[in-house]
Protein chains: 2
Amino acid sequence: MFLCDTPEQAWVYINRVVEPPSRNLATLLSQHPVEKVAYGIYHQESWIGPVLGESAARRDWLRQQEDLDTLARIGARLITPESTEWPDFDRAFRFFGNSDAPTTFDREAIPPVCLWVRGRPLKETAAQSVAVVGTRAISPYGTQATRKVVADLAKHQWTIVSGGALGVDTVAHSAALEMHTPTIAVAACGIDYDYPARNAPLFHRIAQTGTVVSEFAPGTTPQRHRFLSRNRLVAAMTAGTVVVEAAFRSGALNTLNWAEALGKVTMAVPGPITTAGSLGCHQRIQENRAQLVTSGEEIRELIGKIGEADSGAQYELDFAANPVQSLSRNELKVYDAVPVDSGHTAEDIARDAGMRVPLVVHLLVILEKQALIRREGKNWIKLLNHE
Amino acid sequence: MFLCDTPEQAWVYINRVVEPPSRNLATLLSQHPVEKVAYGIYHQESWIGPVLGESAARRDWLRQQEDLDTLARIGARLITPESTEWPDFDRAFRFFGNSDAPTTFDREAIPPVCLWVRGRPLKETAAQSVAVVGTRAISPYGTQATRKVVADLAKHQWTIVSGGALGVDTVAHSAALEMHTPTIAVAACGIDYDYPARNAPLFHRIAQTGTVVSEFAPGTTPQRHRFLSRNRLVAAMTAGTVVVEAAFRSGALNTLNWAEALGKVTMAVPGPITTAGSLGCHQRIQENRAQLVTSGEEIRELIGKIGEADSGAQYELDFAANPVQSLSRNELKVYDAVPVDSGHTAEDIARDAGMRVPLVVHLLVILEKQALIRREGKNWIKLLNHE
């Protein structure tokens, strides 16, 4: 029986039948009420467009009531962009989806449509948070280093966000609990599914003082592509990501990629050169893609600067006299580097602003949409009517 | 008895009575034969100028013959800028002494006047070399890391230059000997003086396949200011300096300062954040004053780039069609960043060239003296008659 009379039932239905993240579904939801979208998907109405294909395999999995029962049984709840505890994901993803030259990130670079949550309100726990991630194959040094980093952050009641995996994730969550600061575990499977199994007691403890969160419907199993989607939420809900220990090609570096793409602070902890455990960290530092950090204090300092500038910009946004005043710190850096008379290419501007080209390209497009700058061939030129 | 009939006796005399390094003495020697300078100092002739004061305390220490006997006894020799084995120190120090705004380095930033040497010809051993320095209070990790870095450099027969001190210096020298690559110990005391005493056997072994060198007269004791002077020679005779383990304010960072001031490649090896041993290394990396390196291979790569460019420039210098072609890689980077029409400040140019301001200022002065650029107030402008 198709039962989507309430928005809650509709959210549960679409989250079940369309694998997140789906940009097409997000577009539909930005234009229609969720009940209408759910109805359209179930009845395969043509206006649903590409989501018909995405939902074809599961559209008759009518498990809304079971899913809601599961939520109730494990003490979890469903939250949506309308919920008061919904974090400002739109701001995190604002660089994406409006580029003429989509990056590989663009496809997945969207907010979740809804989230399954256990524990304290997400917006509250995520407010002042940093992602601490790293290898599953943690070394004794990695354990010590993770605990050192968390200790200082805990002293200032920062929330530690991680992926709930074995290794660095587990040490980061456990240290946070032990040091009485909130922690958030972002799962790559259904909220009712404890993965890895041996961390079931950990997730239970996290939910008591922090938050366990998933964008996947109950019963969803952990799979490789879901780990990657999960990493984007870890990066998106924090002000910055620090990788503690990561060998070459460690999955933790994917979270760092997301932080970088989202314009967040990217950080890596160095370690011994005599083992391979910190190779990924060292490489990112060498490539200027992560800043070397040795303590929670340095992390707070790096994030604090951005955070202050951001909240300052946010304040000014509410009372903005002109659009330039409402720019974020990074937007302003790019805006300042765009010349008035002759144009500069994105590469020139990136060099002048001391920022990476992909981020600069995103920000240039944003500034163009605000009519603060204009494009002429490959060159960007400042428009002067705003200052 | 004042006996300076031969140049050798004269060099021995002035090296004994004027504490190196002395810019005033260097200036005298650039204008007069060494015998005349020695005679003038001993007889306190007025044209000797400020060196009269510098030599007042020791001018009657007439120990030329004892010093030469000491040399013979320990199998050492005196070398001077005329010797075939004299390295090209002038090139290393070419940034200095012609600045209108001398830095704190300028006073000591001069080549040695002469050197006392045991072992293989210095120019030969120093030809393809890198400085490996660090803390005296070496940790087990520091020992491993030093050996790892030396191992790859040894495979390619690079010479390891260090200061002969306990800790990282000793491990670097010992690893080089063990791995059959040359090593150079630069002493902060007389060549006849084994400091630290327990390294006497090490210095003896170094002299068999490498070189032990000092700019101080025989019998000179190690003192703090001599360690700092010695560090400048370690940095000057190598293509780059790598600090393996250095806590906050470690003396090894002074060698890195010298390498930086001399425009050499500056590198630091990361380490655990859970001890203080690598704090100095991490700080320099964070300040962009040293590049993070994890292996000898990375060191060779960083130095190789500069080395190739330098030797290429040197080749072209000999057959130079115009002065621009004879510029070193760094000079060329600065030259390219100087605009043609309107001027740029040194800070602008440093940003465009991606180099640090003090080095850029030095290079700008050099380019100005070659009439390749001109100064207009605070701005620098390119002169076009050379291209």
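**Figure 1. The largest cavity of the predicted model.** This cavity holds about 130 Å³ of space. Its lining consists of 19 residues, and those nearest the centre are Gly163(A), Ala187(A), Ala188(A), Tyr195(A) and Phe203(A). Strand E5 (183-186) and helix H11 (224-236) of chain A each contribute at least two residues to the lining. By class, the lining has 13 nonpolar, three polar and three charged residues. The structure holds four cavities of 30 Å³ or more.

**Figure 2. The second largest cavity.** About 110 Å³ of space lies in this cavity. Of the 19 lining residues, Ala187(B), Ala188(B), Cys189(B), Tyr195(B) and Phe203(B) lie nearest the centre. Two or more lining residues come from each of strand E5 (183-186) and H11 of chain B. The lining of the second largest cavity comprises 13 nonpolar, three polar and three charged residues.

**Figure 3. Packing of helices H11 (residues 224-236) and H12 (residues 252-261) of chain B.** The two axes are 8 Å apart, at an angle of about 50°, and H11(B) is therefore oblique to H12(B). The crossing is right-handed. H11(B) makes the contact through Leu228(B), Asn231(B), Arg232(B), Val234(B) and Ala235(B), and H12(B) through Asn254(B), Thr255(B), Trp258(B) and Ala259(B). Five of these residues are nonpolar, three polar and one charged.

**Figure 4. Crossing of helices H1 (residues 7-17) and H5 (residues 64-74) of chain B.** The axes come within 9 Å and cross at roughly 100°, so H1(B) and H5(B) are roughly perpendicular to each other. On H1(B), Glu8(B), Gln9(B), Val12(B), Tyr13(B) and Arg16(B) meet Gln64(B), Gln65(B), Asp67(B) and Leu68(B) of H5(B). The contact has three nonpolar, three polar and three charged residues.

Notes: Residues numbered from 1 in each chain as written. Chains lettered and ligands numbered in written order. Predicted model: local features only at pLDDT ≥ 70, side-chain atom pairs only at ≥ 80, totals over all residues. Heavy atoms only, no water. Axes fitted to C-alpha atoms, helices over the stretch in contact; angles between N-to-C directions. Helix = DSSP H or I, 4+ residues; strand = E, 2+ residues; numbered from the N terminus. Parallel < 35°, antiparallel > 145°, perpendicular 65-115°, else oblique. Contact = heavy atoms within 4.5 Å. Nonpolar A, V, L, I, M, F, W, Y, C, P; charged D, E, K, R; others polar. Left-handed = near helix turned anticlockwise from the far one by under 90°. 1 Å grid on protein atoms, 1.4 Å probe; cavity = no way out; pocket = protein on both sides within 12 Å on 5 of 7 lines; lining within 4 Å. Points joined across faces, edges and corners; volume = space filled by probe spheres on them.
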